[in-house]
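Here is a report on a single protein chain. Please look through the sequence and the coordinates, then read on.

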Amino acid sequence: MEYTGGFITLFIIAVALGFDAFSLGLGIGLKGIRLLDIAKLGVVIGLFHVIMPIGGMLTGQLVSGLLGDVATISAGVLLMLLGGHMIYSSFKGEEVQSFNHRSGWGLFMLAASVSVDAFSVGVTLGMFWADFWLTVLLFGFFGGLMSMLGLLLGRKVSANLGEYGEACGGAILLVFGILFIT
């Protein structure tokens, strides 16, 4: 990847992945949350947005070595599927919080649930040999930041915004998947 183009692409993907954490934060924030819990959730989600793409990128590099030229098409299809799934689940209207975010287990499950897509995108980016540290830092920063913004904003707005945030993130990933294939 050319550095400027690569940075812009990684930046946009990091923001798109952050929309999932943002929408989760909105849902939880609407139910009331303390500032200390907002900071805890934001930091843990940010850490998961670092750990998951590391595993994904290492897996993607391995897969790229095995698949060769097929890796580009596979990566594009993977992004399209992930984006489509995010759009679908945003309109499905599932309950956002099924775990107590104050417990260790609940915190872990919430952070893992919004970070799984970072693993999938990491696989894709690993196939392209994207800048490892830039990817990890951008994903972690925006995952944590956007979850905290969602939590804070959730205390002030209606639940409908959360659906649109996740759908917007999914649309961005879908478009990048199409661009990777063409």
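**Model and confidence**

This is a predicted model, in which local features need pLDDT of at least 70, side-chain atom pairs count only at pLDDT 80 or more, and totals for chains, interfaces and linings use all residues. Numbering starts from 1 along each chain as its sequence is written, and side-chain values use heavy atoms, with hydrogens and water left out.

pLDDT is the predictor's confidence in each residue, from 0 to 100. The chain has a mean pLDDT of 79. Of its residues, 80% reach 70 or more. Helix α5 (residues 132-154) has the highest confidence, at a mean of 92. Helix α6 (residues 160-181) has the lowest, at 68. Where pLDDT is low, the predicted coordinates should not be read in detail.

**Fold**

The chain holds six helices and zero strands. Its elements run α-α-α-α-α-α from the N terminus. Helices (H or I, at least four residues) and strands (E, at least two) are DSSP runs, numbered from the N terminus.

Contact means heavy atoms within 4.5 Å. Among contacts in the chain with a separation of 6 or more, 92% join residues 24 or more positions apart.

Of the 182 residues, 50% count as buried. Buried means under 20% relative accessible area, exposed over 50%, and partly exposed in between (1.4 Å probe, protein chains only).

**Nonpolar core**

A nonpolar core is a set of buried Ala, Val, Leu, Ile, Met, Phe, Trp, Tyr and Cys residues joined through side-chain atoms within 4.5 Å. The largest one has 39 residues. Which members touch the most others? They are Ile13, Ile28, Leu41, Ile45, Val121, Leu125 and Phe139. Helices α1 (3-30), α2, α3 (70-92), α4 (104-127) and α5 each supply at least two residues of this core. Helix α1 gives the most, with eleven residues.

Phe139 shows the packing around one such member. Not counting residues up to four places away in sequence, Phe139 touches Leu10, Ile13, Ala14, Leu17, His49, Pro53, Ala118, Val121 and Leu125.

**Surface**

The accessible surface of the chain is about 8700 Å². Carbon and sulfur atoms account for 73% of that surface. Accessible areas come from the Shrake-Rupley method with a 1.4 Å probe; for residues, only the protein chains shown count as cover.

Phe7, Ile8, Phe11 and Ile12 make a nonpolar surface patch of about 310 Å². Patches are made of residues with over 30% relative accessible area and no salt bridge; like charges are joined within 9 Å, and nonpolar side chains (Val, Leu, Ile, Met, Phe, Trp, Tyr) within 5 Å. Phe7 lies in helix α1. Phe7 is partly exposed, at 32% relative accessibility.

**Salt bridges**

A salt bridge is a side-chain nitrogen of Lys or Arg within 4 Å of a carboxyl oxygen of Asp or Glu. The count comes to two. Asp37 pairs with Arg34 at 3.3 Å, N to O. Asp37 also pairs with Lys40, the closest N and O atoms being 3.9 Å apart.

Lys40 and Asp37 are three residues apart in helix α2, so about one helical turn separates them. Asp37 is buried, with a relative accessible area of 2%. Lys40 is partly exposed, at 36%.

| Residue | Relative accessible area |
|---|---|
| His49 | 1% |
| Ser90 | 3% |
| Asp117 | 5% |

His49 is found in helix α2 (residues 35-67). Leaving aside neighbours within four places in sequence, His49 is in contact with Leu17, Ala21, Val114, Ser115, Ala118, Val136, Phe139, Gly140 and Gly143. His49 and Leu138 are 89 residues apart in sequence, and 8.9 Å apart in space, C-alpha to C-alpha.

Ser90 sits in helix α3. Its C-alpha atom is 8.8 Å from that of Gly170, 80 residues away along the chain.

Asp117 belongs to helix α4. Leaving aside neighbours within four places in sequence, Asp117 is in contact with Leu17, Asp20, Leu82 and Met86.
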